[in-house]
Amino acid sequence: MLKQRVITAIILAVVLVAAIALLPPMGFYLLVAGVFTVAAWEWAQLAGIVNPRHRLVYAGLVAVTGVAAANSLHILEGLAPYIEPILSANLALWVLLMFLVITYPRTTVLWRSPVLRAVLGAALLICTSLALCYLRQHEYWFAMVIYTILVVVCADTGAYFAGVNFGRRKLLPQVSPGKTWEGFVGGLCANVVLAMVTSIWVEEASMALLLVVTLIASVLSVLGDLTESMLKRHAGVKDSSQLLPGHGGVLDRIDSVMAAAPVIAIGVLLHSQLG
């Protein structure tokens with residue numbers, strides 16, 4: 001299982017970085033649309049939609065809505081006045097999800113409706129895809145997208161090593177028994193190092209802003225993983241699907257990115273406004 005997981009991870013990393021680097025803007029948008037459409041199909045199961053045809057319809061509706069939103073709001077043109085309220089609303093939604101995750105299972109009654117879970121998934125997936133498409137408009141878009149991925153990787157890697165070596169106190173055992181407070185802090189520390197090294201390497205970057213944005217993105221990346229864990233636990237499934245050998249589904253790989261990417265996009269907006 002570990003060998004299969006490592007092989008799949010290496011292949012995914014190579015393909016992803018190559019695609020991000022080589023694809024033209026429209027190719028990048030289509031890649032994002034494809035990935036998030038598959039993720040929507042997987043989310044449908046977590047929402048309680050078990051009929052395969054209904055899951056396909058849900059994925060199609062999410063995709064069409066995302067494309068319509070991108071076109072009508074001119075997101076693909078990188079217009080900040082339109083993306084800013086979307087990102088702000090998305091951040092507020094993650095704050096609400098933090099409350100629901102922390103209070104699970106006592107507050108399950110608030111979101112157990114399949115309709116609510118379906119709407120929640122659509123909102124998160126569409127907002128994240130719009131944030132990534134907006135980042136693609138930036139002059140240093142490649143660095144921004146890769147940095148988003150690095151924040152998630154550092155949070156996960158730092159948490160793993162700190163948890164294995166120092167983990168004692170459970171973070172939220174009712175949601176994810178394997179996560180510890182020590183691991184959580186380890187992930188934050190890894191991202192502090194990432195932000196500091198990046199601010200030194202990139203002269204135009206504000207260390208204070210980069211630290212704040214990176215730490216918030218790091219915290220929310222953990223929340224993204226916990227949110228999916230909570231929904232999977234409620235749905236009684238281990239993985240969102242079996243599309244990726246050793247890794248589960250696409251949603252299992254992008255749940256943290258869904259939370260981190262909009263925060264990075266907000267950081268880009270703030271940097272442009274302050275600069």
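Me: Which residues lie nearest the centre of the second largest pocket?

Reply: This is a predicted model. In it, the lining of the second largest pocket consists of 22 residues. Those nearest its centre are Met 144, Thr 198, Val 202, Ala 205 and Leu 210.

Me: How much space lies in the second largest pocket, and which helices each supply at least two residues of its lining?

Reply: The lining residues divide into 15 nonpolar, 6 polar and 1 charged. The space in this pocket is about 660 Å³. The helices that each give at least two lining residues are helix 6 (141-166), helix 7 (181-201), helix 8 (207-235) and helix 9 (250-274).

Me: In the salt bridge of Glu 182 and Arg 169, what is the distance from N to O?

Reply: Side chains of opposite charge can pair when their charged atoms come close. Glu 182 belongs to helix 7, whereas Arg 169 sits in the loop between helix 6 and strand 1 (170-172), 13 residues apart. The two side chains meet in a salt bridge with an N to O distance of 3.3 Å.

Me: Of that pair, is Glu 182 buried or exposed?

Reply: The limit for a buried residue is under 20% relative accessible area, and that for an exposed one is over 50%. Arg 169 has 57% and is therefore exposed. Glu 182 has a relative accessibility of 17%, so Glu 182 is buried.

Me: Which residue forms a salt bridge with Lys 179, and how far apart in sequence are the parts that this pair ties together?

Reply: Lys 179 is partly exposed, because its relative accessibility is 24%. Its closest N and O atoms with the partner, Asp 225, are 2.4 Å apart. Since Lys 179 lies in strand 2 (residues 176-180) and Asp 225 in helix 8, the pair ties together parts that are 46 residues apart in sequence.

Me: Which helices hold Lys 232 and Asp 252?

Reply: The side chains of Lys 232 and Asp 252 meet in a salt bridge of 3.1 Å from N to O. Lys 232 and Asp 252 are both buried. The pair links parts of the chain 20 residues apart, with Lys 232 in helix 8 and Asp 252 in helix 9.

Me: From which helix does the largest share of the lining of the largest cavity come?

Reply: The largest cavity holds about 40 Å³ of space. Its lining is made up of Trp 43, Trp 94, Leu 124, Gly 224, Thr 227, Glu 228, Asp 255 and Met 258, which divide into 4 nonpolar, 2 polar and 2 charged. The largest share, 3 residues, comes from helix 8.

Me: Is the peptide bond from Tyr 104 to Pro 105 cis or trans?

Reply: Most peptide bonds are trans. Pro 105 is found in the loop between helix 4 (80-102) and helix 5 (114-135). With omega near 5°, the bond from Tyr 104 to Pro 105 is cis.

Technical notes. Residues numbered from 1 in each chain as written. Predicted model: local features only at pLDDT ≥ 70, side-chain atom pairs only at ≥ 80, totals over all residues. Heavy atoms only, no water. 1 Å grid on protein atoms, 1.4 Å probe; cavity = no way out; pocket = protein on both sides within 12 Å on 5 of 7 lines; lining within 4 Å. Points joined across faces, edges and corners; volume = space filled by probe spheres on them. Helix = DSSP H or I, 4+ residues; strand = E, 2+ residues; numbered from the N terminus. Nonpolar A, V, L, I, M, F, W, Y, C, P; charged D, E, K, R; others polar. Salt bridge = Lys/Arg side-chain N within 4 Å of Asp/Glu carboxyl O. Buried < 20%, exposed > 50% of the residue type's maximum accessible area, 1.4 Å probe, protein only.
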